[in-house]
Amino acid sequence: MTERPKAARGVFALLAGPPLVWLALFFVLPLVIILGYALGENRSLTDIAITGSFRNFGRALQPVYLGVLGKSLWFAALTTIACLVIGFPVAMAIAFAPARWRLALLLLVMLPFWVNLLIRTYALMAVLRPEGYINSLIKLVWPAAWLGDFVPLDLLHNNAAVIIGLVYVQLPFMVLPLYAALDRLDRSLIEASLDLGAGQLTSFARITVPLAMPGIIAGIIITFVPTLGAYLTPDLLGGTSSQMIANVIDRQFRSANDWPFGAALSFILMALALVAMALQGLVTRRGRA
Amino acid sequence: MTRRLSRRRLLGGMAAGLSLRGCAPPPPRGANGEAMTLNFYSWDSYTGATTLADFTAATGIGVEMSLYGTNDELFARLRAGNPGFDVIVPSNEFVTRLRLSDMLLPLDHARIPNLANVAPAFRDPPFDRGRRFSMPYTWLVMGIGYRKSRVAGVPDSWKWVFDSDRYAGRIALISESDDLIRLAAKYLGASVRHVTPDMTARAIAMLIRQKPHIKLFHHDEGQDLLAAGDVDLVIEYNGDIAQVMAEDGDIGFVVPREGTLINSDCLCIPRGAPRPDNAHRFINYLLDARVGAGIARTIRYPTPNAAALALMPADYRDNPVIFPPAAVMAKSEYGDFEGLARARAVDAAITEILAA
């Protein structure tokens, strides 16, 4: 191996320095502070003593909080599956669309990002509410003469509304990596599979899906991890049983004024995200081996 | 408590906030040696239309306004040290919290002669004996807002929201855990103050039993839910419901006969205020009879200012939404900040109810 010239090392330090300082100041340091809080306890309304006790983590393992965590995992899993099922055909359609349309279609997928999440969620509420757009539309065409008066559908403030909201928010994050994987895919392999007698379904299952696997896994991770920590959507669209773990964490930092416990819950949430990423690493590595 | 923060007004407020940020030359100093300016940190739309401009015209002191939407936000902002606010408007329990955290300056009553305008009932409240740290600005009560055409008669008991399936699926309760448990305890016959663990457990059991009939727990936007037709009964503050009642004649408000929780928003000077004398002058100005009447005319919350009340028209003074009947007020109480262990217990309670 040749030794790197000194100049190159200088350039490396110059380029890597600012991001490293940034990471240390705004990522590592806050993380350490949060861990400190998690291992501490409230002494007064404003003082937190770092005692090194694991009591907050112990409290986080009580059944009620594990239940909330379980529900969050369940919501995130449902959302991810729904995004995959809806997103795959969309990504395929874009990837196989004529080249001159592709850019416009991708732009349409990304269009919602131009509007703030909070505003989009309020808009969704206006669509779903009892006197909202969906119900008004049905009422307009409802044959009241045969079926009696129209009773508005209960679309808002329940768990289904939360899942709809989460899928709506996360769908682009699923479509984009899927598209990237499908776009790179060597079409001649699918043609060869069809030529050799495999049907469309077999070709899809044995050629397209395996080749798109890196995109599928990336899509699952960037859908699942943020959904696990979703806070706004369950808060605004949910009903009485839609509490997710981020809502509990939010209360600790506000009304309950219990930062140590909130910090411990945050740490557990982060650990779950890391586990998901580690699993991704394992699966991808095994795929390559 | 986002009660004074309608979304429309929030956007307007943000725009105003941005325009106020413009760089101005340092203001001149007044006779008291303080710069002729004042940082007022308060709820949105919570003064009269011309109150601040009138103060500036009368004293030469310019008022810079900043807004918060909840007491928690105010507390969080001051927790790391006062960033330069001179006057704040916390609710009664946060007066206690701020005082316990040594974040308030004692008030000099000699500089607030208009304290004489305050009704005797508000001069010695349990959360601030002798008004050493706070001056009363408004008070408010929780009750039930309802859609008249969808409710049989007047729902004048907490029973209809806490312990009955008559309005199943059309009820919204507050998500504020402390207030929710207190009102449930009130319905069960206890005081809102010093709710015992046993009573808390009974309240949790009742609310879990009631949960299938509840549509949602709202974050103090009950008036919007009611106006939009999402629900037909909500627990909300009187002032909030009074606002939507002005636009929709089908909406009513009642304080249940069991009594309720009283809140009071107070004027305080946070420790580290850069201009404490201007702050005293401002507080004294807001407690003036004519100024107080101007404020009440705009915001339509009950005023604790007797001299201001005397100047108000009958449609305000005799309005049963703004001033609930004496019989029910007699059964109503202030809440107390009861320490961190209690805050933790009520938060665990709401987590349990929502997870059940």
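Why is helix α9 (residues 238–245) of chain B largely enclosed by the rest of the structure? Seven of its eight residues are buried, so the rest of the structure largely encloses it; a residue is buried if 20 or more other C-beta atoms, placed from the backbone, lie within 10 Å of its own, and helices (H or I, at least four residues) and strands (E, at least two) are DSSP runs numbered from the N terminus. This is a predicted model, in which local features need pLDDT of at least 70 and side-chain atom pairs count only at pLDDT 80 or more, while totals for chains, interfaces and linings use all residues. Residues are numbered from 1 along each chain as its sequence is written, and chains are lettered from A and ligands numbered from 1 in the order in which they are written.

Among the buried residues of α9(B) are I241(B), V244(B) and M245(B), and the buried residues of this helix pack against β4 (135–147), α8 (222–228), β7 (233–237) and β8 (251–254) of chain B.

Chain B is divided into domain 1 (7–139 + 263–317) and domain 2 (141–262 + 324–355), with bounds from an automatic or database domain assignment. Their contact (C-beta atoms, placed from the backbone, within 7 Å) takes 12 residues from domain 1 of chain B and eight residues from domain 2 of chain B.

Helix α6 (residues 177–187) and helix α15 (residues 340–355) of chain B have axes, fitted to C-alpha atoms over the stretch in contact, that come within 8 Å and cross at roughly 85°. α6(B) and α15(B) are therefore roughly perpendicular to each other, a term for angles of 65 to 115 degrees.

Notes
A residue is buried if 20 or more other C-beta atoms lie within 10 Å of its own, exposed if 12 or fewer, and partly exposed in between; C-beta atoms are placed from the backbone. Two residues are in contact if their C-beta atoms, placed from the backbone, lie within 7 Å. Axes are lines fitted to C-alpha atoms, for helices over the stretch in contact, and angles run from 0 to 180 degrees between N-to-C directions. Angles under 35 degrees count as roughly parallel, over 145 as roughly antiparallel, 65 to 115 as roughly perpendicular and the rest as oblique.
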